[in-house]
Amino acid sequence: MLLHEFMWARGRATPDRPAVVELSETGELVSTSYGRLAELSDTYASALAEAGLGIGDRVVIESDTTATAVALLLACSRQGITFIPVSPETPDQRLRNITDAARPALHLQAPRGVRTNLAEPIGTARFGTHGITVERPPLPSARPRREVVETDTAYMIFTSGTTGRPKGVVMSHRVTAFYRGMLAEGMVGTDDRVATTSPLQFDFSLLDIGLALGSGATLVPVPRQVLYFPRRFLGFLEAARVTHVDGVPSIWRAPLRHEPELLASLSALSGILFCGEDFPLPELRRMQELRPDTRVINCYGATESMAASFEDVPNPLPEDLQRLSIGNAHRGADMLLFDEKGALVTEPGAVGEIHLYSPSLFTGYFDDPEATARALVPDPLDPASGRTVLRTGDLAHRGEKGELYFVGRRDSQVQIRGNRIEIGEVERAIEEFPGVTSVAVLALPRADEELALHAFVVPAPDAGTFSEPALAAFCKKTLNPYMVPSRFTVLTRLPVTSNGKTDRRALAAQTA
Ligand code: ADP
C-alpha cells in the first residue's frame, strides 16, 4: 500500500465530510472536505507531472501544516516524488544544509512564503488553492521508472538532532504498515477532530495526518502563533471542537501553569497523545487532576520507523510510580531488548537496548552508509538470516507483564569517576521534589575536564517554599552520592528545540 492510498482509504467514501479544519488568514475556521482535498491533490499531481517531475525526484515542501500542504504531499506520493517537509521558520543556513545534502529538484512554498535565496539548479514554485505556479523550472531528469512501488521513498525527514547530528532519514511507502498498526489501537473515529501541533518538518505531523485522514476523521492544525499562547491555544481547541490533541509534552507546560481552569473546562477534549520525550510526572499528575476523564497515550518511537508503540497512561497515576510504560510495539511490529554482547534480555528490571522489528523501518540515512549500518543491524536472534532490525539507541527494561519502560538513550549514560549514571534516573528523582515541575540534567565538563552533573530545574509558579539547598539535601537523601548534581540552576522554563523537545544543547551553551 502506498502512502496516499492509505490516507484516502476511508475519506474517499465520504467526500462531503471535513478532512481539514484550519484557521484562515482572517481568523475564521474554514473546512476543506475530503472531496475538495482530493480535487486539489489531483490538480497538484498533474502540475508536478507537467513540471517534468516523476518517480525518484525529490522536492522540498516548505510550509506549515495546512490543507494545501496535505494535498501536495499526497500528490507527491501518487507521483512517486519524495517530499522533504521543512518549516517556514527554518533558518536559511539549515535549509541550505538540507538542500546541499538532498539535492531536490524543486522547492515549493505557499503563496505567502518569503524564502528567496535558493541557489540554482533547484527549481522554485508556489502552491496554493489555485494550483502550482512554477517560478524557476526544475532541471529535467532521466526517468526510466514507470510504476511506484512500496519500497520507493515516500519522504525524507531531517531530524532535529537531539539524538545526534541531523540526518536525512529516508522513509519508504512501507510506513503505511506503521499507520495500519496505529489505527488498530482504535484511538480515534470518524467523528474525531485531531489537533496537530508539531511543525511539518517533524514526522510527528505526518503521524497526525495519517491518524486523522486514515481514520476518516478531521485534522485540525494548530498555528504556531496560537500554540505559544496558552489562552489562545485552549480557546482555539474549544472553538474548533477538538477531541484529540497530539503533541510533544512541552505544549502542555504553559497551559498547566497559567490556564489550569480553562484547560479543565474544555468540553470536547477526550484524548491526548504525546510523543518524543518523557512527560514529566508532576505535569502529568496535574493534567489528571484537571482532566480526570481525558485519556492520555504515551507514544514512543523514532523517526526511523515514525513511531513504535502506544500505551495508555494509568489513570490515576499510582503514587509510587517511577516511570511511564511505553508498552509493547504496535500491531505488526515487535520490540526486543539485547545487551551489549547481543544477548537477549528478558528478565524484568534488566536493562537492554530496544531493537525494533517492523516492516516500516527506514531505508537508510541519506548518503550515509556507515550511519545506516550502525542503525540497521543484523537481527541479533539470527544474524545469518540477512534480515535487519533497528538498533534504536534507546535503553529500556521490562516490567512483570513484559511491558517496556524507557530508561534513557544509550548515549545519555555517562561515566563519572568510574560510576555509570543514567541521566534520566537523576531527572526522575528530582521531579519528585515538591514544587518541581520539570527538570533537565546534563553531564558537563568542569574546568579540569572531569564530567559533573548540572541540574536545570523549573519550579511551579506557586512553589513558595522551593529552595535550592532543600533540593540538594533531598537529592543527597534519595540518590547515590555520585548521582547528586554538583550544580543547580533554577529557570522559569526549559528551552525547547523547534520540534518542542527539551533543548539540551541550548542548556549546555548557557553554562559555557
Ligand atoms: P530527534 O529528536 O533527533 O529529532 P526523533 O524525534 O526521532 O529524533 O527522536 C526519537 C527519540 O526520542 C527516541 O529514540 C527516544 O529516545 C525519544 N522518545 C521518543 N518518544 C518517547 C517517549 N514517548 N518517551 C520517552 N522518550 C521518547
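## Close-up views of a predicted model

**View 1. The hairpin of strand 1 and strand 2.** Strand 1 (residues 18-23) and strand 2 (residues 29-33) run antiparallel and are joined by five bridges. Strands are DSSP runs of E with at least two residues, helices are runs of H or I with at least four residues, and both are numbered from the N terminus. Two strands pair if DSSP finds at least two bridges between them. Leu23 has Leu29 of strand 2 as its bridge partner. Five residues lie between the strands, and Gly27 takes a positive phi near 90°. The model is predicted: local features need pLDDT of at least 70, side-chain atom pairs count only at pLDDT 80 or more, and totals for chains, interfaces and linings use all residues. Residues are numbered from 1 along each chain as its sequence is written, and side-chain values use heavy atoms, with hydrogens and water left out.

**View 2. Domain 1 against domain 2.** The chain is divided into domain 1 (3-312), domain 2 (334-409) and domain 3 (413-510). These bounds come from an automatic or database domain assignment. The C-alpha centres of domain 1 and domain 2 lie 27 Å apart. In contact (heavy atoms within 4.5 Å) are 23 residues of domain 1 and 17 residues of domain 2.

View 3. Nine bridges pair strand 26 with strand 27 in the antiparallel sense. Leu442 has His454 of strand 27 as its bridge partner.

**View 4. Helix 14 (residues 468-478) and its buried residues.** Leu471, Ala472, Phe474 and Cys475 are buried, that is, under 20% relative accessible area (1.4 Å probe, protein chains only; exposed is over 50%). Seen down the helix axis, they fall within an arc of 160°, so they line one face of helix 14. The arc is taken from the directions from the axis to the C-beta atoms. On the other side, Pro469, Lys476 and Lys477 are exposed.
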